[in-house]
Each structure stands twice: as C-alpha cells, then as structure tokens.
Amino acid sequence: MIPPEFDYHAAGSVDEAIGLLTGNPGEAKVLAGGQSLIPLMKLRLASPKVLVDISRIADLSYIQEKGDWLVIGAATKVNDLNDSKLVGSSYPLLADAAAHIADPLVRNMGTVGGNVCHGDPGNDLPACMVALGAQYVVRGPKGNRTVPASDFYQDTFVTALDPSEILTEVQIPKAQPGTGGAYLKMERKVGDFAIAAVAVQLSVDAKGTVTRAGIALTNVGPTVLNAPKAAASLLKKKPSDADLLAAGKLAAEAAQPTSDLRGPADFKRGVVQTLTQRAATLAWSRAGGQR
Amino acid sequence: MSATVHGGIGQSLGRKEDARFIRGKGNYVDDIQLPGMLYLDFTRSPYAHAKITGIHPENALKIPGVLAVVTGKDLDAAKLAWMPTLMSDTQMVLPIDTVKFQGQEVVAVVAENRYAAADGAAAVDIDYDPLPVVTDPVKALQPDSPLVRPDKEKKSNHIWHWETGDKAGTDDLLKKSEVVVHQDLYIPRINVSSIETCGCVAQFDAMGRLTVWMTTQAPHAIRTVFALVAGLPEQSIRIISPDIGGGFGGKVPVYPGYVVAVVAALKTGHPVKWVETRMNNLMSSSFARDYHISADIGCTKDGKLTALKVKTIADHGYADAAANPSKFPAGLFHIITGSYPFQKAFVEVDGVYTNKPPGGIAYRCSFRVTEAAYSIERLIDEIARKVGMDPAEFRMKNFIPPEAFPFQSALGWTYDSGNYAGALKLAMKMIDYPALRREQAERRKKGEFMGIGISSFTEIVGAGPSHTFDILGIKMFESCEIRIHPTGKVMARFGTKAQGQGHETTYSQILATELGIPAENISIEEGDTDTAPYGLGTYASRSTPTAGAAAAVAARKIREKAQKIAAHLLEVSPDDIEWKDYKFQVKGVPEKSKTMADVAFAAYTNPAPGVEPGLEAVDYYDPPNMTYPFGSYICVVDIDKGTGQVKVRRFVAVDDCGTIINPMIVDGQIHGGLNMGLAPALYEQITYDENGNIRGNSFLDYLVPTSMESPHWETGKTTTPSPHHPIGAKGVGESPTVGAPAAIVNAVIDALSPLGVTNIDIPIYPWKVWQVLHDKGVT
C-alpha cells in the first residue's frame with residue numbers, strides 16, 4: 001500500500017487512546033485490525049493524519065461469560081471467535097458468522113470491535129449483534145456508556161460512536177437452554193462481502209414454540225437492517241414451512257437492496273427470502289425445536 | 001530391464017525452480033534494487049474520453065523527493081509520444097491532447113521513493129474537457145457514434161475486417177440444411193490478473209548502454225522493438241526477464257510504463273523502477289476477449305453437421321494492441337470448426353475502437369482459441385438439443401475420425417493427429433455418464449436442476465511455421481543452444497521465457513533423454529538477451545512445440561559430433577557406433593561403450609582428429625506445422641433454486657497433449673488451467689458504465705476464483721503423439737482454459753433446458769440464473 005504520510009501512535013491504554021483522539025480532532029482514526037481502514041488508506045479514500053493503534057492494549061482481548069452476558073473485548077480477533085469452544089458450543093450464530101467473515105488472513109487480523117463499529121453494511125457481525133439483542137460498551141472522555149446494537153447503526157459508515165469515543169466491549173445476552181441461531185451468507189466468492197446474509201436468533205420453550213426471535217440482514221441496505229416484522233411473525237409458533245416462507249417474505253420486504261455488481265435488487269430480495277427461511281429452520285432446530 | 005536416465009522424459013521430476021520459489025528466493029522485477037534508483041508513478045485519467053486543456057505539475061514538483069515529471073509533449077519532442085502496437089496499430093505512450101480511456105497514463109512522476117512518486121502523481125493538476133464516450137462496439141459502428149480515433153485517416157471506429165472460408169458455399173449449405181441453430185454468444189472482457197503485475201527497471205550505463213529488467217514473456221522481440229522504435233543500436237540494448245509471476249499473454253505487449261521508465265532513466269541519469277499496482281493493472285493492462293459472436297450452425301435431421309457461419313465484432317478498446325501473429329488480426333479464431341468435419345465454413349471478424357483500454361491479448365490461450373472452442377462447443381450442444389440427440393452421442397457421430405489425420409479443416413488448418421472419440425469415451429467412463437443421465441432424469445421429476453455439460457475441444461498451438469507466422473515480420477521460430485562442459489555438465493539456453501511453466505525442469509528432461517545426462521546435471525537459462533539465443537518467447541503454449549523441439553534437435557546435433565569422438569575413443573569407425581541405452585556403444589559389443597560425459601571430457605582434452613574441439617550446438621527450429629492438442633471435459637452442476645447458485649459437483653478432464661514430458665507438471669498445468677477456465681464461466685468480467693467508468697478494477701469486484709471456488713478436478717489422459725514434433729509433444733498449458741468454459745456453461749444450460757433456456761451469457765452469476773428461474777415461475 002502506498003498511502004499519504006501519517007503519524008502512528010501505539011496506545012498503551014484506552015484512556016491514552018482517547019487522549020490521542022481528543023488531541024487530534026478530525027484528524028485521528030483508531031486502528032485496530034486495520035482490515036477496513038488500511039484498504040481505504042490504500043485507495044486514498046481515507047487519509048487520516050494520525051493513527052491511534054489500540055491493538056496493543058492488553059486488556060481489550062477476551063471472550064467470557066460474566067453475569068448475564070457473554071462479553072467480548074473490542075480488540076478480540078475475529079479468528080478467536082472461531083477458536084473459542086464457548087462460542088462454538090453455545091453461540092452458533094456467532095460461530096457461523098465468524099467462519100464466513102472475509103478469509104483467514106483477514107480473520108487473523110480483524111477485530112470484533114472493528115467489525116461491529118465500522119458501520120459498513122457489508123460487515124457480518126452487526127447483524128448477529130442486532131439479532132442477538134447485544135449491546136456495546138463505549139468509552140469517551142466522559143466515561144462509559146452503553147448503546148444497544150439495534151440503536152447503534154445510523155447510516156453507511158455513520159454510527160452512534162462519537163469521534164472521541166472507543167468501543168471497548170460487546171455484551172451479548174448469555175446463552176440459555178432453548179436458544180439457537182444461524183447465520184447464512186451468500187457471497188460471490190470466498191472473502192467477498194455478502195450478496196445478502198441473514199442472522200436469525202430464536203428462543204423456544206419445551207414444546208418448541210418460539211418465545212423470542214431476532215432477525216437482521218447484512219448488506220441489503222445503508223446499514224445492517226433489523227427485520228422485526230419477520231421476527232415477530234415467528235413468535236408463539238412451531239414454525240411450519242408456510243410460517244417460514246411468510247417470515248422469509250417479510251424479511252425480503254424489510255430489505256432495502258440496491259442493484260450493483262452483486263446483482264439486481266429483486267434478486268437480492270429473493271436471496272434474503274431464501275436465506276431467512278433456511279436460517280430460521282436451522283436456528284429453530286438448533287434451539288431444540290423438533291418436527 | 002531397459003536403461004533409464006534420471007529425470008528423463010515421462011518422469012514426474014520435482015520442479016527444479018521450486019527450490020527458490022517455495023523459499024521466497026525468486027528474483028522478480030520488484031526485487032531488483034540498484035544504487036540511486038528512482039521510482040515512477042502515473043497520474044491517470046479520470047475520464048474515458050476528454051480533451052486535455054492544461055497540465056499543472058507545480059504542486060507535485062514541490063513535494064520533497066519528487067524530481068521530475070514527464071508529459072506527452074515531452075515525449076513528442078523525442079517522437080516517442082506514440083508507439084506501434086504488435087498489430088501495427090498506434091498507441092499512446094503518454095497523451096499530447098486527448099485521453100481515450102479511464103485510467104490511462106497521462107503524466108509520469110519520477111521521485112526518490114515510491115511514496116513521493118505516488119504523492120506527486122496525486123498532486124499533478126490536469127484540466128480536462130470531457131468528450132462524448134462510446135463503450136459499446138455495436139454503437140461504435142453506427143454513423144452518429146463519437147469518433148475514438150480522429151487521428152486516423154479512416155473517420156470511423158471500424159478498424160479492420162477479416163474473413164476466411166467459403167461465404168457463398170456456406171450460405172448455400174446452411175439454406176439446404178434440415179436443422180439450423182442461430183445463437184448469439186458474448187465472451188466478455190477479462191484480465192489475466194497474474195499474481196505479479198507489470199513493471200521494469202531501466203538503467204543506462206556510462207557508455208550509454210541500456211539494460212531493462214522487465215516483466216516480459218518475449219525479451220528478444222522487445223529488444224528489437226526498442227531498437228526500431230527508440231532508434232538505439234540493438235547491441236546496446238539488453239533486456240532481462242528475471243523470474244516472472246505469471247504471464248498468460250498479459251506480458252507480451254509493450255506498455256507505456258516500460259517506455260517512460262527508459263525515457264526517465266535517460267532524463268535523470270538514474271536507474272528508474274516502474275511497478276504497477278493491482279488496480280493499475282486491472283485498469284490499463286491489456287484485456288482479453290471481448291468478442292460479440294453471432295453464429296449459425298447446420299446439420300441434417302439425423303444429426304450430421306454441415307456448415308458453420310460466424311460473424312464477430314471484436315472490441316479492441318482505443319487501439320488494437322492484440323498480440324497475434326501479423327497475418328491474423330483475429331488470431332487463430334478460425335480453429336472454430338473444432339473437432340468436426342464441416343463441409344463448409346465461413347468466419348468474419350470486424351475490429352472496433354471504443355473508449356476502453358487497448359488490447360485483445362490472450363488469456364492463457366493461443367490467440368483467440370478459447371473464443372473459438374467456447375463458441376463451437378456451445379453451438380454443438382444447442383444443435384444436438386434441437387435435433388433431439390444426446391450431446392455425447394451427437395459428438396461421437398460427428399468427430400473427425402482418427403484415421404482421417406492429417407486432416408484439412410474447412411477453414412484451412414491441417415490437424416496433425418487426434419483421437420477425439422477416444423478422449424470422450426474415457427471421460428464418459430470416468431464419470432459414468434449413463435448413470436448421471438439416469439440420476440438427472442430422477443431429479444428432474446422432483447423439480448431439481450442438475451446439468452451435465454461436455455466440451456470436446458481442439459486446440460491449435462506451437463506458433464508457428466515461418467511460411468505463415470510472424471510478429472512484426474520476425475518469424476516465429478524458437479531456439480536452443482547447448483554447451484556441454486568438460487565434466488559432462490550442461491548449460492542450455494533458450495529464446496523462450498518461463499513465467500511459471502517449469503521450463504527449467506521440462507527442458508532438462510528433454511535434454512536428459514536426448515543426451516543421456518541426468519537432469520540434475522543440466523542447467524537451463526532463459527530471459528537474458530545478452531546470453532540466450534534469439535527466440536520469440538513463451539505464450540500460446542508454444543514453448544514445448546517449438547523450443548522443446550529445438551532442444552531435441554540441438555541435442556541430436558551434439559550426438560552426431562559426439563559419435564565421432566566416441567568412435568575415436570573406442571578406436572572404431574563412427575559407422576560402427578550406435579546410440580543405445582543412453583550411451584555410445586560399439587555395435588554388437590555393448591561392453592565397449594562411452595557415456596556422453598566421457599565424450600565431453602575428450603572433446604576438450606583429447607579431441608578426435610579432424611573434429612573441432614568443444615561440444616556445443618545451437619538449433620533454430622522452424623516448426624513444419626502447428627500442433628493440435630485436444631481433450632474432452634465433462635462437468636456436472638447442481639443449481640440452488642432458492643439463490644441461483646451454480647455448484648460444480650464434478651469435473652472430469654481428459655487431455656491429450658501428445659507425448660508427456662513430466663506428468664506432474666502436466667497435471668499442475670491442467671489444474672491451474674481449469675481454474676482459469678472456471679473463471680470466465682462463472683466469475684470474471686470487466687464492465688464499463690455508459691460514461692466509460694470501469695467497474696471491477698480491484699480484486700473486490702474482479703472475481704478471481706480461489707482454491708475455495710475450485711472443484712475437485714479429476715484428470716485423465718490419452719496420448720496421441722504429434723507426428724511432426726521430434727519427441728511427439730504438443731503443448732498443454734492452455735488446453736484446460738480453452739476447453740473448460742463450454743463444459744461448465746453447457747452443464748448449466750443442460751440443467752435449465754427443461755425451462756426452454758438456450759443460453760446465459762458468461763459469467764453465469766447467481767443473479768442471472770435466479771432471474772431465469774424467477775421469470776419461469778420456479779422461485
């Protein structure tokens with residue numbers, strides 16, 4: 001890569017990083033895994049004067065259950081989700097998504113925090129977080145605040161994050177018996193952003209009746225899209241094929257795709273419908289639902 | 001037990017060159033560092049067509065480290081603003097007053113380091129006055145189209161018309177044919193996307209001698225072109241092709257960067273390096289294909305082929321910068337009658353200018369052969385369907401039979417040898433074709449879409465015989481020079497240049513067999529015009545058919561002389577010596593023998609009376625004919641109704657490349673080539689919007705398939721040697737790229753044929769299939 005000149009700071013702590021951000025207003029960008037920022041700098045679409053590297057901050061990388069939450073440090077590598085036994089056994093939605101984010105090279109460098117706070121509608125983890133009902137811990141000069149994932153995404157590359165703030169932790173409701181999820185992604189080739197992808201997270205009771213549903217869509221709108229009508233349509237049901245088809249259609253209606261090299265908008269809606277049906281089927285069976 | 005020589009023909013010898021490649025010790029152009037070396041970058045045009053009204057380099061020159069800028073006007077002063085293409089068209093090095101495509105090099109910036117060069121390129125201000133753009137070659141032929149090349153005498157975007165065959169006879173026979181299928185096919189613009197982009201380092205020494213390390217597949221031809229264009233004495237030019245990371249035809253042309261680097265080296269007195277980025281490469285290096293084909297094929301009602309007529313519009317961008325033999329502006333496209341004995345055929349091609357990058361090079365194929373093989377193999381499936389015959393049965397019925405070789409095709413080629421039915425039979429056996437058809441029938445009943453596609457292609461490689469083939473007048477011979485040192489070790493040099501093919505291994509295997517010297521005692525060198533004999537380079541699967549032949553012939557010249565020396569050593573007459581079991585033996589007395597190493601030592605220490613000392617030979621090989629490798633591929637696909645995704649379930653590739661020198665390398669070539677056949681069928685394409693903006697100029701959108709997209713390739717071989725090649729070899733690098741796309745597309749169309757589908761233009765993206773399924777009410 002041949003970017004314009006910039007200054008580089010390796011922050012030793014979150015507070016030091018925030019100090020660097022507030023000290024260089026409008027000119028500084030946080031560098032974590034660099035898998036989105038560096039391509040932008042390569043293209044000279046972004047040319048920050050100052051990079052604040054948070055990847056060396058020791059206590060920002062962890063995956064653990066704590067109280068009612070699964071907490072993930074912002075600098076945790078995406079590949080750590082793949083390697084985590086806890087994620088693999090209890091959070092299938094996350095495990096599905098982590099296995100399909102870009103390619104192994106990117107997953108080894110890219111971070112969970114970077115993926116969720118970059119604001120690219122093509123990032124895969126935001127849909128998971130919305131479907132799971134996750135929240136983000138954000139720290140700024142005035143201290144910590146918590147933002148629900150479903151409120152975080154405002155427009156393409158625009159989030160609730162203030163330029164002087166750093167996302168430090170992702171909090172996901174702890175997996176309970178009778179919960180299951182699935183993430184299905186269709187891509188043109190490995191490593192591509194999704195043509196469309198669908199995250200479904202379900203909770204079912206002992207009879208297999210859906211008690212909670214979250215459905216969110218990747219790369220079919222200006223931001224990750226919540227599909228609450230599609231989710232609500234599954235509630236109080238042991239979803240039949242017709243119910244799943246109906247949920248798929250509602251998800252397709254919630255999508256706001258544009259036509260581009262990945263295909264025309266109609267096609268993308270069709271893919272959302274198909275993937276929603278399939279992901280909901282998989283999520284329901286993973287949650288313990290049985291026909 | 002018969003005698004063997006270590007590393008001889010037919011052995012899967014490990015690749016010699018891999019010792020450096022797999023350890024990261026290759027030496028590529030960008031590895032070259034010279035004292036005081038400067039770096040070159042370009043400011044490129046954001047417009048596809050515009051008048052340049054002002055160039056302001058002042059801000060660039062203020063950047064620390066930026067030393068100079070070079071513009072088209074500067075070059076014009078030295079008469080270097082334009083250069084000839086290999087097709088005798090003209091192409092800009094840098095523009096004087098108009099730009100012709102988006103991404104065109106406009107101003108060169110020379111700086112002390114790569115970063116300053118890029119900063120400088122970004123800081124050059126250029127004023128443009130946009131002009132109307134034409135990107136569609138059909139529109140470009142209309143009288144009201146914007147004119148791409150007003151500098152030309154002919155005030156139209158039509159470049160040339162080329163035709164061959166019997167037009168009236170073909171029309172007549174098509175009229176009389178009981179079954180005729182008309183099919184339009186578009187073969188999109190793609191880029192070879194070698195892992196190494198193009199680049200060079202240019203250096204003048206104190207005596208004014210120019211050395212250029214360059215990513216070129218044809219260093220000798222480049223030297224001659226430089227001598228002719230720049231007016232430098234040819235002995236004062238040295239072109240070195242170091243290790244090259246893939247060529248596929250993309251490193252045959254001369255690019256503006258090469259020329260500007262030389263000018264910048266002259267202007268600054270420093271060595272200058274130019275290495276393009278991936279985006280530069282996708283935007284402005286030579287593209288391949290972009291053929292708009294319209295074809296009619298006829299047969300009798302019982303499925304006997306009669307006639308073929310093909311009309312094609314070739315989009316060349318703003319200059320015909322193809323790299324075809326001079327006589328053939330559409331390359332060897334007239335191999336389009338393929339594996340079939342048509343009575344009559346006619347082909348015409350019209351070259352057209354548009355506001356796109358120049359080119360028309362190959363993409364791992366021998367001069368438009370993929371366009372031809374894809375077309376005929378798609379057409380065969382469509383006409384078989386119309387007649388109501390199984391596509392395998394239809395091919396079997398129509399193939400040129402083995403006993404008909406040498407066979408004169410309807411468009412004038414003389415095929416050397418072939419057994420097309422043999423290859424298809426083997427492929428059908430490997431994949432169990434009848435079982436697949438039964439499975440397909442079952443799945444169709446369940447509403448599932450499974451398809452089986454066949455491609456029984458014929459290649460034409462090894463350009464080429466001097467009576468027909470030249471590039472800029474230079475005949476397309478090839479060369480080998482062998483020196484056997486006193487200790488029996490060999491240095492052999494060739495006019496070709498490998499870019500990954502493994503020449504260092506395969507050439508030494510040919511020489512091992514011919515000289516009786518183990519392959520590890522043979523070193524191969526290519527690519528340095530100061531040391532290697534003149535040759536036309538490596539592309540179009542020509543190295544084994546031409547240089548491989550030169551190696552065998554030169555080795556046989558050595559053997560002829562060596563026989564005299566052996567006779568001297570054995571104190572018998574040369575007529576009493578025979579070459580047997582890789583040794584010179586006294587006839588009937590096998591225990592009295594001398595090895596080639598014995599002879600080599602004697603050649604320097606104990607020369608035979610009347611025989612020149614030393615043991616060297618050189619051969620410039622003018623092939624008597626092209627070689628015609630062939631194969632039959634069968635592909636099985638499953639289509640996901642919900643998403644339109646095509647999954648290649650199985651792919652069997654039976655290839656026949658004549659004598660196989662190294663089975664492992666041949667398999668590797670086939671695997672790689674199949675992947676590059678999969679690419680245009682399902683993934684790769686460069687498109688432009690109506691303003692000429694390129695879409696897909698990075699690997700984000702230019703979809704090069706990886707190992708993850710690649711199916712498991714199942715390969716098989718038949719061996720039908722070339723009767724005219726010294727060792728019977730035909731060349732193989734490009735066969736799979738040529739043959740695979742039609743097999744894949746035929747499989748997809750076969751899957752969808754119950755819906756009445758007869759074509760989907762490549763690349764077959766999921767959205768195109770979904771659209772069909774949606775329109776037909778399936779999804």
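Analyst: Two residues are in contact if their C-beta atoms, placed from the backbone, lie within 7 Å. By that rule, 24 residues of chain B are in contact with 14 residues of chain A. Helix 4 (114–123) and helix 19 (766–775) of chain B each supply at least two residues of the side of chain B that touches chain A. Helices and strands here are DSSP runs, numbered from the N terminus (helices are H or I, at least four residues; strands are E, at least two). By class, that side of chain B has eleven nonpolar, eight polar and five charged residues. Ala, Val, Leu, Ile, Met, Phe, Trp, Tyr, Cys and Pro count as nonpolar, Asp, Glu, Lys and Arg as charged, and the others, Gly among them, as polar.

This is a predicted model: local features need pLDDT of at least 70, side-chain atom pairs count only at pLDDT 80 or more, and totals for chains, interfaces and linings use all residues. Residues are numbered from 1 along each chain as its sequence is written, while chains are lettered from A and ligands numbered from 1 in the order in which they are written. Chain B averages a pLDDT of 97, and 100% of the residues score at least 70. That score is the predictor's confidence in each residue, from 0 to 100. For the complex, the predictor gives an ipTM of 0.97 and a pTM of 0.97.

Now chain B as a whole. Its secondary structure comes to 19 helices and 35 strands. The radius of gyration of chain B is 27 Å, close to the 28 Å that the globule rule gives for 779 residues, so chain B is as compact as a globular protein of that length. The radius is taken over C-alpha atoms, and the rule is 2.2 Å times the number of residues to the power 0.38. Along the principal axes, the C-alpha atoms of chain B fill a box of roughly 85 × 75 × 50 Å. Of the 779 residues, 58% count as buried. Buried means that 20 or more other C-beta atoms lie within 10 Å of a residue's own (exposed: 12 or fewer; partly exposed: in between), with C-beta atoms placed from the backbone.

Next, the domains. Chain B is assigned domain 1 (18–25 + 478–621), domain 2 (32–131 + 196–245 + 251–284) and domain 3 (287–463 + 625–775). The bounds come from an automatic or database domain assignment. In chain B, 19 residues of domain 2 are in contact with 22 residues of domain 3. Helix 9 of chain B gives the most to the domain 2 side, with five residues.

Helix 15 (residues 543–570) has 28 residues and reaches 38 Å from its first C-alpha to its last, close to the 40 Å expected at 1.5 Å a residue. The expected span is 1.5 Å times one less than the number of residues. Of its 28 residues, 20 are buried, so helix 15 of chain B is largely enclosed by the rest of the structure. Just after helix 15, E571(B) takes a positive phi of about 55 degrees.

Helix 14 (residues 503–515) of chain B is mostly covered too: 13 of its 13 residues are buried. G516(B) follows helix 14, with a positive phi near 70 degrees.

In helix 16 (residues 596–605) of chain B, seven of the ten residues are buried. Among them are M596(B), V599(B) and F601(B). What covers the buried residues of helix 16 includes helix 14 and helix 15 of chain B.
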